[in-house]
Amino acid sequence: MIELKNIEKYYANKGVKSYILRHVSTIIKQGEFVSIMGPSGAGKSTLLNILGMLEEPTYGAYEFMGEDVVSLNERKRIELYRNHIGFVFQAYHLIDEMTVAENIEAPLLYKKVSSAERKSRVADVLDRFNMVAKKDLFPNQLSGGQQQLVGIARALVAQPSIILADEPTGNLQSPQALQIMELFKKLNEEENITIIQVTHSEVNAAYGSRILHLLDGVIKEDIAVPQGV
Amino acid sequence: MFRLNLKIALRNLWKNKGYSTLNIFGLSIGLAGFIMILLFANHERSYDTWNSDAKDIYRISIKWGPGQEEYSSSPAELAPALKEVLPEIVDYGRFYVWDMKQRLVSKDKNENFVDHIMGVDSSWFNLFPYKFIYGDAKTSLLSANQIVLSQKTSELFFGKANPVGQSLLINTKDQYVVSGVYEEPNTPEHMEHDGFVKKSSPGDGWGNGNYYTYLKLKEGTDKEAFVRKLNQTFKKLPIVKEDQGLKEVEMFLTSVPDLYLHASSAQDPTKRGNAKIVTILVLFSSLLLIIACINFTNLSIAQSVKRAKETGVRKVLGAARSNLITYFLTETGIQCVLALLLALTIAEVGMPVLNQLMEVKLSLLSYSNPGQLIIQLSLVMTFVVILAGGYAAFFLSSYEPVKVLKGNFSRGTGSLWMRKTLISVQFIVATVFMVALMIIRQQVTYIKNQDAGFKKDHVLVFKVRKGDNRRNFSQIKERLLKVPGINAVSRVNYYPGVKAMQVIDRDFNGGKVSNLSTITVDFDYFKVMGMPAQRGRVFSDKFATDSNAIVVNESAVKKYGLQKLIGSKWINDRVIIGVVKDHIQKGMETAAEPTAFVVEGRGTNSADHVILKMDGANTQVTLEALKKVWTAVEPFPFQYTWLDQSFAQVYVQYIRLDKLFNIFTYVTLAIAVLGLFALASFSVQERTKEIGVRKVLGAETTDILRLINKSFLVLVVIANLIAIPVAYILSSNWLSGFAYRTSITVWPFVFASIISVLITVLTVSLQTFKTANAKPVDALKYE
């Protein structure tokens, strides 16, 4: 599903190149649950941003579902966002002025889903996440864990094939974090959704099927997680 | 999608109540000012537009020879002669200058003075098709004793009843039969009229331009080409070949809708607007609106940090840039609509003030052409939404989500520069307004204190209605002088402030004396007016020969080289007995014209106004006594004017302009301060951490104030540097339209600069003080 070839990212400052990513090549298949780990400054978030097409690599090739996306125009990229990619952020990034239901509905609006179907899909998702009672609340009326649940619900409602999550539990306490990870695992296993997350936590990484260790912009280790832990 | 956008936008507005209010309020003030001026400008431009034929109807004006003035009147014989040879002329209509007098109209005991009954051709209503309520336009002016009344005049005498066939007595001797009543049109007109009669003379000969001639041309006739043809054809007329006086005549045409604002001829009885003032007002009110839009943009961008996250999230959820632009424009649109509603309210409430200033009767609710207004307002609102919301929408939608979502987002310097530029533009306009206001005020003061060349206080003017009373005036004068409090009595036709004038051309000693303004007076005129002789003496009834003498003003001496002729015979065999100082006759725009004064006699016009000087003590008692004496002489209602009040009419429009500019300037300053306030507050918020660090490093509150003020003062100084030359060019341009004008000094510029700097320092310091004075630890904890 995803193929990275020789991805490089650097910033040139007064002629000195400071590398964020070097020679990153990897293949991620449909249905994998990949955790990107590494110390601060290793390039984890940059790699995720490149995967999410929020940043462009300085060099290298990136194919998403068989399509070269490095040179993709804005319209095509927006199409990918609408149909294939869901984002989950560390700081949740819900829209403060929208209620829970409206936040979840937003991606469907941009996808131009009909009103009746929007209603039913939002209702489904709310039901699945046990948030029907909270649908008319605003984000600041929810706890952090609940906000992140809404964030994931919003990412899921458009039925993406991949979820990109940047430290999804970074702002959460451990019981809530566990709940989110369980959810990710379930989505991955039951619905075959590809998940790529950046995380600091070994515990979280263990939920996945594969771990990429980054150090100074280079993939040091690429290991499969033994299942059934 | 739209409904959700609307909902979210409203929630956003509600959340930022303070800024939304500032935003909407600032914009609505600008809009209100613009709407009010728009109403006024529409009114000024609506003259004669009721008449759909008006664009094909032209009034002829004439230059009798090269270098002469263009006069709006023409001989009666002209129009028929032209119509015979020019097929483009469909019809013509004329009115007669000597019919334009005030008339005493009576119906039994019901007596009223009616000011404007025009004497016209019976074809008049072909050119000006008023809607007849009673009677028939075609047959209404066939004979000399028919009269057509305006609805208002008709109601004065007959109430709502149909008066056709009833009779009216005019000037106590002539019987007229009412033949029609017409509805006053719903747009103002260049001529005032209360009724029409058939003109009292078929023509006074080619040498007398006593008529105002209107030609109706075939639809779509090209004006320029027709004027050329008109002049060429005229030269070939047999009468022109015979009459030397007509050889050099040049004719001009002014279309009826242009008469009010653009007529250029002298001696015009039409109402005159001032196209320049209309343009100035529209220009400045647009500036006001633009300033308000700029303010709006500034406030929106200043809040953009708060919106940046939202924008980024929307983008990764799949929003295209166009979705976001639509969304932000929706938000701006809502605010603009709210501002418009508020502005309409403000305008409706403020309209009486404008009405009083400009002497019009306009109101939003009872506006005569709502369709036009709605179209104009929709256009303006579209423009406002794009101008006010466009940049913010463009700017906000351009955020790259990755920068925003990482959370360490700070505004790019690009937007700050933009906002600084916008603030500078506001201050440029504000300074220009301030300078303009001060210079207008200076000029108005100058005009008011300008030596008019005569003493205008306690001088009373009223009309002599019977010719006999003019001829036997010396007895009446004796009786008037006996009234205690009256110091001097005389008569005059064109007293200062009257725009009409008799202008004559005479041959003298083989040369030509042309364009000599001639005022007919009676003895003691110069005593009443306090105009002493500069050389020689003025008229006195002690010299029998004075009724055949002439007094000239300094301009006449200069123009015709009369230095050596004082005391000897000049035109019409009149002896120049003295020279008086120039006086202001028509207004401050025109320099004193060469003028001669003659005593009423044979061959002069009639001095048909009594003008008298009171001593100013017990004015009311004197006035009562005068009224008693005069109504014994002429048994009509006593109507009078004070010379100082009627003379003030020549500059009243500039006093109005002064007052309007007052309002403009304060509103502009208020909006600019609003914008500055917002920018300062955001700039302080942005620099909270920097301020904290500086304080820890030992900076005092005053240092911080100085630091923040400095960045704003630079902007204001730059704005002033740009504004000063602009204001100078604008105001010297405006002043050059006056013959009597003040000189531009450095002070308005200095004051305006000082005021703008003071306002800036005050506003910014007020905003900064709290942050600058706070404990640094709070600022540093902030992140």
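**Close-up views of chains A and B in a predicted model**

**View 1. A salt bridge links Lys15(B) to Glu97(A).** The closest N and O atoms of Lys15(B) and Glu97(A) are 2.4 Å apart, a salt bridge being a side-chain nitrogen of Lys or Arg within 4 Å of a carboxyl oxygen of Asp or Glu. Across the interface of chain B and chain A, the rule finds three salt bridges. On the side of chain B that touches chain A, the elements giving two or more residues are α1 (2-15), α10 (304-316) and α13 (401-405) of chain B. The model is predicted, and local features need pLDDT of at least 70, side-chain atom pairs count only at pLDDT 80 or more, and totals for chains, interfaces and linings use all residues. Residues are numbered from 1 along each chain as its sequence is written, chains are lettered from A in the order in which they are written, and side-chain values use heavy atoms, with hydrogens and water left out.

**View 2. The contact takes 22 residues from chain B and 22 residues from chain A.** Contact means heavy atoms within 4.5 Å. The area buried between the chains (accessible area, 1.4 Å probe, lost on being put together and summed over both) is about 2,300 Å², of which carbon and sulfur atoms give 63%. In chain B, Arg11(B), Val316(B) and Leu317(B) lose the most area to chain A, together 26% of what that side buries.

**View 3. An open sheet of four strands in chain A has the order β2-β1-β4-β5, with antiparallel pairing.** Strands are DSSP runs (E, at least two residues), and two of them pair if DSSP finds at least two bridges between them. The edge strands, each pairing on one side only, are β2 (16-28) and β5 (67-68) of chain A. Strand β1 (residues 2-13) of chain A pairs with β2(A) over nine bridges, and Ala12(A) has Lys17(A) in β2(A) as its bridge partner.

Note on methods
Buried area is the accessible area (1.4 Å probe) that two parts lose on being put together, summed over both.
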